[in-house]
Amino acid sequence: AKMYRAMGFDPISPEDQALRATLDAFLAHLDEGEWQSRKTAIVKRLAATTATTLWAARPHRDSQDEIGWYLMLAELALIDPVCQETNQAARTLPFLTAIGKVLAHRGRVGGLDEKMEEVLGDSRHSPDGILFEILVALTYAAQGWDVQMLKANPPSKSPDLLVSRDGLEFYVECMRQSRRPTYREREHQAF
């Protein structure tokens, strides 16, 4: 890296900068020491799930603190890119990078900090839906819209965002495809 800088090149790519922005934004919501203790717990849980045969091997992920696992993958990509669980990294890092690319527009998104705290807290085991809402909200903001992230109202369906600009206002419900559809899961279990 020093050699590249001496030659006038910045060895940190725009994608790495965006990934760093996302990582920093989420970690800013954790108390001092919490990130280290969460990483330690993730590593312990992953170490306890090793398969004894290749046939029994499952993708590595921590379903108890999946957002922590995603952020750990992001951190590893930045500090030790060779040390990765490539299947999970290939799925999560582009998504986190996309958030980072539009994060500069966070000032136009009301309720963003609350959503980030929610995904780090009560929704840590299933962050995908909220991460998608965050990306959609920031993408609207990057296009000049003002966005309010709305509170969920379970069990009833309700919109996720209120988007407005120049007197025009509309609601958005963010729908994303499930990672593992029910049909696929049933077939996998039957096999």
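**Exercise 1.** Among contacts in the protein between residues at least 6 apart in sequence, what percentage join residues at least 24 apart?

*Solution.* Keep in mind as you start that this is a predicted model. Take the contacts between residues at least 6 apart in sequence; of these, 58% join residues at least 24 apart.

**Exercise 2.** Find how many helices and strands the protein has, and in which pattern they follow one another.

*Solution.* Start with the count: 8 helices and 4 strands. Then read along the sequence, which gives α-α-α-α-α-β-α-α-β-β-β-α.

**Exercise 3.** Work out which residues are joined with Arg38 into one network of salt bridges.

*Solution.* Begin with Glu34, whose side chain meets that of Arg38 in a salt bridge with an N to O distance of 3.5 Å. The two are about one helical turn from each other because they sit 4 residues apart in helix α3 (residues 34-47). Next, Arg38 also forms a salt bridge with Asp65, with 2.7 Å between the closest N and O atoms. Asp65 belongs to the loop between α3 and α4 (66-79), so this pair links distant parts of the chain, 27 residues apart. Put together, the shared partners join Glu34, Arg38 and Asp65 into one network.

**Exercise 4.** Decide whether Arg38 and Asp65 are buried or exposed.

*Solution.* Buried means under 20% relative accessible area. Arg38 has 5%, so Arg38 counts as buried. Asp65 has 2%, so Asp65 is buried too. Glu34, at 24%, counts as partly exposed.

Definitions and conventions. Residues are numbered from 1 along each chain as its sequence is written. This is a predicted model: local features need pLDDT of at least 70, side-chain atom pairs count only at pLDDT 80 or more; totals for chains, interfaces and linings use all residues. Side-chain values use heavy atoms; hydrogens and water are left out. Contact means heavy atoms within 4.5 Å. A salt bridge is a side-chain nitrogen of Lys or Arg within 4 Å of a carboxyl oxygen of Asp or Glu. Buried means under 20% relative accessible area, exposed over 50%, partly exposed in between (1.4 Å probe, protein chains only).
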